[in-house]
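Work through the exercises below with the sequence and the structure open. Each task is followed by a solution in steps.

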Amino acid sequence: MRMKLSALGRMARRFPRAHLAISAALALTVVIMALAPESGESHPERTRTLELPKPAPAVATSQPQPEPGHAVTAAEPVPKQPERDWVELEVKSGDTLSTLLQAHGVTAAQVHRLVTGDDKLAELARLRPGDHLNISVDDQGELTALSYHPSRVQTVKAILQDDGQWRVESETRQYQRRTRFAEATIDNSLFLAGHAAGMSDNLTMQLANIFGWDIDFVLDIRNGDRFRVLYEELYLDGEKVGEGNILAAEFWNQGRHLTAYRFQTRSGDTDYFDSQGRSMRKAFIRTPVAFSRISSRFNLGRKHPILNKVRAHRGIDYAAPSGTPIKAAGNGKVIFAGVKGGYGNVLILKHGQRYSTLYAHMRSFAKGMRVGSRVTQGQTIGYVGMSGLATGPHLHYEFRVDGVHRNPQTVELPKAEGVNSNEKPQFLVQTKRMDAQMTLFAEAATLASSNVF
Ligand SMILES: [Zn+2]
């Protein structure tokens, strides 16, 4: 029994006080680090970003880069190659690979052999001013090695082999990722609040996209709405080079509280889900009236039955008895409810940023259907009728993507699958961890703003 005790456990038994002191010191360190103000940046009082000490090392850290001049390291057993002298070239406006290399005695034929030798070298033809190349040329003016960076994280190295072939190696460094936190209360616009919290427009856009199905960021935002975001910043060699993804976000909108978590499924897809693992993206139901039949299909060259002239039919007609309930195809918001010429009583719903649906010839609207009303998928929004130009009771239904009419029968509807049940435990572990991080950040921010120092 005693043999099975861990070293720490034994120590705790022998030195209970020391153990406590160590725990307390560790806890204090975490708190102090969490409260440490960010260097060199100040934020308005209601908004701030903080960096949390990472509880564990980052998932990915940058790989050490072999230095030019040590193309083959001593650790590599074979093949042994001579040390080479590297020359660094900077691409200037008007330079091409040929002109650059020929200025160092490399022949046009060699340049051609190089760029056609390997797919990874094709990028060389697209050098841009400011790019850097490292080359090695031997006494006979023959190019024997070359390395360059197609992107900030990528290094491609080509070495001429004895058989005249190029051996090409490509290496991609991993960004260091740091978790950051931002929170803001909206006074004016989402983007201004994002700016004040130190977020880029790109990040704010990510936030708007995540909640875009539930919140209309043009019409729904009210003063006093607020948000919290946990996101990644990307670093290379200690220098911030950009922002990564939002990991988790909370939004308080007109009294509603929404939460979203980023999660990568085993199939490799990454998406945002609510705390229950439901997709933040909402799917549509294909047919908004039950017990109906299609009486007219989507047809851009149809002859109109009443007007008797060619007039595109940009929707589908579902014939159904007058009074049949019409359902909202997806969660959304009423952006039009009224009479529209030959369409009679029309309701238009907006779903997120890209989609809208239109329901025409209604006998009447369901109770509460006004511009701005929020509807949930499947909710009754009105009743089949024949208002406007119609030969019989039916629903004329249109589906638009980015403002363009699409065939509601065939349009590819956005998937909104939730987290798979067998991945749910892992999802819950991750969301719990993100919640804890968010809480710690938020508490640290509150303490920092209450002038405890
Ligand atoms: Zn129609």
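**Exercise 1. A helix and its cover**

What covers the buried residues of α4?

Solution. The model is a predicted one.

Step 1. Helix α4 spans residues 108-117, and its buried residues are Q110, V111 and L114.

Step 2. These residues are on the same side of α4, because they cover an arc of only 100 degrees around the axis.

Step 3. The cover over them includes α3 (97-102), β4 (143-151) and β6 (166-172).

Step 4. On the face turned away from the buried side of α4 are the exposed residues H112 and T116.

**Exercise 2. A residue in strand β4**

Decide whether T144 is buried or exposed, and list what T144 touches.

Solution. 

Step 1. Apply the cut-off: buried means under 20% relative accessible area. T144 has a relative accessible area of 14%, so it is buried.

Step 2. Leaving out residues up to four places away in sequence, T144 touches R84, S136, V137, D138, A158, I159, L160 and W166.

**Exercise 3. Aromatic rings and charges**

How many aromatic pairs does a search of the whole structure find?

Solution. 

Step 1. The search of the whole structure gives 12 aromatic pairs.

Step 2. For F181 and F441, the ring centres are 5.2 Å apart and the planes are at 5 degrees, so this pair is stacked.

Step 3. F181 belongs to strand β7 (residues 176-185) and F441 to helix α7 (residues 424-449), so the pair ties together parts that are 260 residues apart in sequence.

Step 4. F181 is buried, at 0% relative accessibility. F441 is buried too, with a relative accessible area of 1%.

Step 5. One aromatic cluster is made of Y261, F263, F273 and F427.

Step 6. Turn to the charges. R178 has its charged end over the ring of Y235, 3.8 Å from the ring's centre. K340 lies over the face of F336, and here the distance to the ring centre is 4.5 Å.

**Exercise 4. The zinc site**

Which residues coordinate the zinc ion? Work out how the site joins parts of the chain.

Solution. 

Step 1. The zinc ion is coordinated by H313 through NE2, D317 through OD and H396 through ND1, at 1.9 to 2.2 Å.

Step 2. Written as a spacing in sequence, the donor residues follow H-x3-D-x78-H.

Step 3. D317 is in strand β13 (residues 316-319) and H396 is in strand β20 (residues 394-401), so the pair ties together parts that are 79 residues apart in sequence.

Step 4. D317 and H396 are both buried.

**Exercise 5. A helix and an annotated region**

What do the buried residues of α6 pack against? Then describe the chain over residues 234-265.

Solution. 

Step 1. Helix α6 covers residues 201-211, and its buried residues are L203, T204, Q206, L207, A208, I210 and F211.

Step 2. They pack against α5 (190-196), β8 (226-236), β9 (239-253), β10 (256-264) and β11 (270-273).

Step 3. The UniProt record, an unreviewed entry, places the feature "domain: PI-PLC Y-box" at residues 234-265.

Step 4. Over residues 234-265 the chain is 84% strand and 0% helix, with the end C-alpha atoms 22 Å apart.

**Exercise 6. Distance in sequence and in space**

Compare sequence separation with C-alpha distance for T179 and E233, and for V404 and R314. Finish with the whole protein.

Solution. 

Step 1. T179 lies in strand β7 and is buried, at 9% relative accessibility. T179 and E233 are 54 residues apart along the chain, and their C-alpha atoms are separated by 6.4 Å.

Step 2. V404 is in strand β21 (residues 404-406) and counts as partly exposed, at 47% relative accessibility. V404 and R314 are 90 residues apart in sequence, and 9.7 Å apart in space from C-alpha to C-alpha.

Step 3. In the protein, 61% of the contacts between residues at least 6 apart in sequence join residues at least 24 apart.

Step 4. The protein has 7 helices and 21 strands, and buried residues make up 41% of its 453 residues.

Conventions: Residues are numbered from 1 along each chain as its sequence is written. This is a predicted model: local features need pLDDT of at least 70, side-chain atom pairs count only at pLDDT 80 or more; totals for chains, interfaces and linings use all residues. Side-chain values use heavy atoms; hydrogens and water are left out. Buried means under 20% relative accessible area, exposed over 50%, partly exposed in between (1.4 Å probe, protein chains only). Helices (H or I, at least four residues) and strands (E, at least two) are DSSP runs, numbered from the N terminus. The arc is that of the directions from the helix axis to the C-beta atoms. Contact means heavy atoms within 4.5 Å. Rings of Phe, Tyr and Trp (its six-membered ring) pair if their centres lie within 6.5 Å; planes under 30 degrees apart count as stacked, over 60 as edge-to-face and the rest as tilted. A charge sits over a ring if NZ of Lys or CZ of Arg is within 6 Å of the ring centre and within 35 degrees of the ring normal. Donors are N, O and S atoms within 2.8 Å of the metal (3.2 Å for Na, K and Ca); water is not among the atoms, so sites may look incomplete. UniProt positions are given in the numbering used here, feature names are shortened, and annotations may be inferred rather than shown by experiment.
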